[in-house]
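Subject: Structure for your review

Dear colleague,

Please find the structure below. My notes on the strands, the surface and the aromatic side chains follow it.

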Amino acid sequence: MFTLAEVASLSDIQPTYRILKPWWDVFMDYLAVVMLMVAIFAGTMQLTKDQVVCLPVLQSTVNSKVQPDTAGKADFTTVETTTGQEEASMRTVSFGSTVAPNILLSRATSSQYQPTESDQELKKEQKDSSGRKTNLDFQQYVFINQMCYHLALPWYSKYFPYLVLIHTIILIVSSNFWFKYPKTCSKIEHFVSILGKCFESPWTTKALSETACEDSEENKQRLTGAQSLPKYVSTSSDEGSPSASTPMITKSGFKFSADKPMIEIPSVTILDKKDGEQAKALFEKVRKFRAHVEDSDLIYKLYVGQTVIKTVKFIFILCYTANFVNTISFEHICNPKVEHLIGYTQFECTHNMAYMLKKLLISYISLICVYGFICLYTLFWLFRIPLKEYSFEKVREESSFSDIPDVKNDFAFLLHMVDQYDQLYSKRFGVFLSEVSENKLRGISLNHEWTYEKLRQHVSRNAQDKQELHLFMLSGVPDAVFDLTDLDVLKLELIPEAKITAKISQMTNLQELHLYHCPAKVEQTAFSFLRDHLRCLHVKFTDVAEIPAWVYLLKTLRELYLIGNLNSENNKMIGLESLRELRHLKILHVKSNLTKIPPNITDVAPHLTKLVIHNDGTKLVVLNSLKKMTNVAELELQNCELERIPHAIFSLSNLQELDLKSNSIRTIEEIISFQHLKRLTCLKLWHNKIVSIPSSITHIKNLESLYLSNNKLETLPAAVFSLQKLRCLDVSYNSIAVIPVEVGLLQNLQHFHITGNKVDVLPKQLFKCVKLRTLSLGQNCITSIPDKISQLLQLTYLELKGNCLDRLPATLGQCQLLRKSGLVVEDHLFDTLPSEVKEVLNQDTGIPFANGI
């Protein structure tokens, strides 16, 4: 036999799993326990009580008196006396017709019959007795009882307790198999763990209390203008204030207060940072668990399968038990076929436990019928509604979280099972499926962490001397940011849930906004403020869809910087045609991988004065759209793999500055066409592969700045020095060996850079450029500096480092504006100067350093 503890272990499940046990499973578990007790009770009785008791059946009825004339035909009754014992035992024995005469004959020959007084008394007692002697020993009775127990007793009477035990064990295993099966128990365990944490999280309770507080404030605003409401009105939850065990935003209603004419608001508590981090992790767990469990419906199928098995088992038990219930009876006829041992062929047996077993069987049938009806109800429930779909519609109606998604498959089935235990679990669990809820909880935690004082410590001054705040990788935008009313620049980077609220209208100084991988959402009031006040916007994105739609509606925007992937397939999605609304847009900066200038950009051409395209090495092929940008004054086409100067540029009559940096331009013969660009004053052809400068450059009469650094120039043609308006000439990092004497013609030259070349001698004509302020001669082969450098009275920056100099001229002291901070030279060369010159150079005149670039 099994012990109760061993069998009970089959139904032992973790107490936390009780939330997945609906009432029918619990009821069936108790029924299984009762059936288990019936089996154990019946089995114990069968083991401890006598099994059957059998007596032989006589062949004919014998009268109480002996008939002598029937000797040899009828049975005789004889009396045996024992002389060795004081008491006589009487046995009733049935003899056949052939056996009795022999016994009588032997007894007649062995002794003579002499009637005595004792014989007479014995005869008298014989006449009064009614039993029959069998001459069977106790061992023979035990033998017959054992044989007839197996031969005469029906099998169901013998094995009924064991069958009940086996059936009960199968039913118990079938009820809890889905808790034990490896592929389902892990999901169930994880689900129960998450559900318990969602239900009991103290941080969640506090956070939702603050959320309820916000809702109360909103209700207060809505109720302010309501004339039909009484004067003393307060808002509260229908289900009471949230507590530690009820982290759920409930439906708000009206509560009349006779004491205080104010709106009741839950007290706001300071949130524990540790609890906040646990809640954030809990949201992540719920998200991952949903993605994992919604992929399959194994739990649902397994539960349906085990319910079907229990139902089939119930039908099977009921069918065969009903047939055998009448086989359990008190009386049985036994024919053991052991006449050669006993002398009798038939016995009547009584089953002592028949009455009790029959009552137990009837009880078992009653229990199994109730069990079966519950199984049928379970099947009806399983197929009555689609359990692989779960809707949070009721939760959405009762709470402020209208974005709680419906779930499916095993996730939905587990929630249906939890509803049978307590619907409050799924209501609270649904809050953790809401992005709005998650954002509110993150916002509460964020606001407690990023206070006004902490944000003020992160405010800095940028190069333009503006107050700037850079927020990086936060869960949202802290509310305290909008209290920094003197902020000029706000940078938001990698904040996926950034939301700009109406409080931004307090930031009257804000004119520049940076959104780096931050698709910010704005409220209507906030958008109105940005539309009227924002002047500069930087948007950095991975996909063009991340560009917020409200960007194209900022009417007062003047500068727009777009940095991200704008390949040819997504050009149609850029939506730059909406830039027509940006009537004040002047600067458009696009850093991307374009193969052609999008035609949509030309739609805003009348507004643009500066267009910048940084193409990150992708070849820009189609440039015809540039012809329409007649008002563009500054054009930058950097890193576009251009091999020649685009002809479309020659149509830009208002162009003042052209920058073709970091391309693959080898020849600039087309430069003669720049003579039609009367306003062109700055030409930047640096970081290319130009080997020579054509003499036609002399036709660009109004050119003031020419940048040809980082090319492959070996000489400087005299035509360059015919540009009388040239103020800045940069030919650094080429292979130039000689500075032409014509350099003296550039009387307006203020900045001359020839660093990183092969110059060894400085012509005296260079020092006729008396307006020079910046002179970069580093990394050349210069051996001496002429004393005439003293003529450069406006010189503020002189670079000589990296040459072959052995001393510096003492006349450097006559350069009145030159100071040591503007003198880039080796320390040992500076030490060669006279002490009085050093003193002059070390003076601090307060004149700011300027290099002109």
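**Strands and their pairing**

Strand S10 (residues 489-493) runs parallel to strand S12, and five bridges join the two. Helices (H or I, at least four residues) and strands (E, at least two) are DSSP runs, numbered from the N terminus. Two strands count as paired if DSSP finds at least two bridges between them.

This is a predicted model, in which local features need pLDDT of at least 70 and side-chain atom pairs count only at pLDDT 80 or more, while totals for chains, interfaces and linings use all residues. Residues are numbered from 1 along each chain as its sequence is written, and side-chain values use heavy atoms, with hydrogens and water left out.

S12 covers residues 512-516. On its other pairing, S12 meets strand S14 (residues 536-540), again in the parallel sense and over five bridges. Leu513 of S12 has Leu490 opposite it, and its bridge partner in S14 is Leu537.

Five of the five residues in S12 are buried, where buried means under 20% relative accessible area, exposed over 50% and partly exposed in between (1.4 Å probe, protein chains only). In a regular strand the side chains alternate between the two faces of the sheet. In S12, Glu512, His514 and Tyr516 lie on one side and Leu513 and Leu515 on the other, and both faces are covered.

S10 also pairs with S9, in the parallel sense over five bridges; there Leu469 stands opposite Leu490. Strand S9 (residues 467-472) pairs with strand S8 (residues 460-461) as well, this time antiparallel and over two bridges. Ser460 is opposite Glu468 in that pairing. S8 and S9 make a hairpin with five residues between them, and Asp465 in the turn has a positive phi of about 60°.

**Nonpolar surface patch**

Trp23, Val26, Phe27, Tyr30, Val370, Tyr377 and Phe380 form a nonpolar patch on the surface, with about 690 Å² of accessible area together. Patch residues have over 30% relative accessible area and no salt bridge; like charges are joined within 9 Å and nonpolar side chains (Val, Leu, Ile, Met, Phe, Trp, Tyr) within 5 Å. A salt bridge is a side-chain nitrogen of Lys or Arg within 4 Å of a carboxyl oxygen of Asp or Glu. Areas come from the Shrake-Rupley method with a 1.4 Å probe, and for residues only the protein chains shown count as cover.

Helix H2 (23-48) and helix H12 (354-384) each supply at least two of the patch residues, with the largest share, four residues, coming from H2. Phe27 is in H2 and is partly exposed, at 38% relative accessibility.

**Aromatic side chains**

There are 21 aromatic pairs in the structure. Rings of Phe, Tyr and Trp (its six-membered ring) pair if their centres lie within 6.5 Å; planes under 30 degrees apart count as stacked, over 60 as edge-to-face and the rest as tilted. One of the pairs is Phe160 with Tyr364, edge-to-face at 6.3 Å centre to centre and 70° between the planes. This pair links distant parts of the chain, Phe160 in helix H6 (residues 155-180) and Tyr364 in H12, 204 residues apart. Both Phe160 and Tyr364 are buried.

Phe177 and Tyr181 have ring centres 5.6 Å apart and planes at 35°, so the pair is tilted. Phe177 is partly exposed at 35% relative accessible area, as is Tyr181 at 29%.

Regards
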